[in-house]
Amino acid sequence: DCPVVNGGSGAGTSVREVLERLGGWWTPAVRPAFSGAQRQGDPDCYIADVSAARSWGYRPQADLDAGLQDYIRWFRTERGA
């Protein structure tokens, strides 16, 4: 009886882009390395289907950079770094 919906932006973001942004904000900066090979079944990007949430009036308010930087702060707190 409780619907489940995705809460994202509905815009695609590549794994490479997310990792490069996270690595750039890490101290010291970390540059991810990619082999260029794609495993069968791996997505090129992740896109949340937010159509159900939008039908209820949902509109994303946080941008990707703010969310990733919040994640880094959370991770450092949890890790004690």
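**Exercise 1. The nonpolar patch**

Determine which residues make the nonpolar surface patch of about 350 Å², and classify V15 as buried, partly exposed or exposed.

Solution. The structure is a predicted model.
- Step 1: The patch is made by V15, L19, F34 and Y46.
- Step 2: V15 lies in helix 1, which covers residues 15-25.
- Step 3: The relative accessible area of V15 is 32%.

**Exercise 2. The surroundings of T13 and L64**

Locate T13 and L64 in the secondary structure, and list what each touches beyond four places in sequence.

Solution. 
- Step 1: T13 belongs to strand 1, residues 13-14. With a relative accessible area of 16%, T13 is buried, because the cut-off for this class is under 20%.
- Step 2: Beyond four places in sequence, T13 is in contact with V18, C45, Y46 and L64. One of these, Y46, is also one of the residues that make the nonpolar patch.
- Step 3: L64 is in helix 3 and is partly exposed, at 32% relative accessibility.
- Step 4: With residues up to four places away not counted, L64 touches T13, E17 and R21.
- Step 5: Between L64 and Q38 the separation is 26 residues in sequence and 24 Å in space, from C-alpha to C-alpha.

**Exercise 3. The aromatic cluster**

State how many aromatic pairs a search of the whole structure finds, and decide whether the pair of Y71 and W74 is stacked, tilted or edge-to-face.

Solution. 
- Step 1: The search finds 3 aromatic pairs.
- Step 2: In the pair of Y71 and W74, the ring centres are 5.6 Å apart and the planes meet at 35°. Stacked pairs have planes under 30 degrees apart and edge-to-face pairs over 60, so the pair is tilted.
- Step 3: Y71 and W74 both lie in helix 3, residues 64-79, and are 3 residues apart, so about one helical turn separates them.
- Step 4: Y71 is partly exposed at 42% relative accessibility, and W74 is partly exposed at 46%.
- Step 5: Ring pairs join W26, Y71, W74 and F75 into a cluster.

**Exercise 4. A charge over a ring**

Identify the residue that lies over the face of W26 and give its distance from the ring centre.

Solution. 
- Step 1: W26 is one of the residues of the aromatic cluster.
- Step 2: R76 lies over the face of W26, 4.2 Å from the ring centre.

Methods:
Residues are numbered from 1 along each chain as its sequence is written. This is a predicted model: local features need pLDDT of at least 70, side-chain atom pairs count only at pLDDT 80 or more; totals for chains, interfaces and linings use all residues. Side-chain values use heavy atoms; hydrogens and water are left out. Rings of Phe, Tyr and Trp (its six-membered ring) pair if their centres lie within 6.5 Å; planes under 30 degrees apart count as stacked, over 60 as edge-to-face and the rest as tilted. Helices (H or I, at least four residues) and strands (E, at least two) are DSSP runs, numbered from the N terminus. Buried means under 20% relative accessible area, exposed over 50%, partly exposed in between (1.4 Å probe, protein chains only). A charge sits over a ring if NZ of Lys or CZ of Arg is within 6 Å of the ring centre and within 35 degrees of the ring normal. Patches are made of residues with over 30% relative accessible area and no salt bridge: like charges are joined within 9 Å, nonpolar side chains (Val, Leu, Ile, Met, Phe, Trp, Tyr) within 5 Å. Accessible areas come from the Shrake-Rupley method with a 1.4 Å probe; for residues, only the protein chains shown count as cover. A salt bridge is a side-chain nitrogen of Lys or Arg within 4 Å of a carboxyl oxygen of Asp or Glu. Contact means heavy atoms within 4.5 Å.
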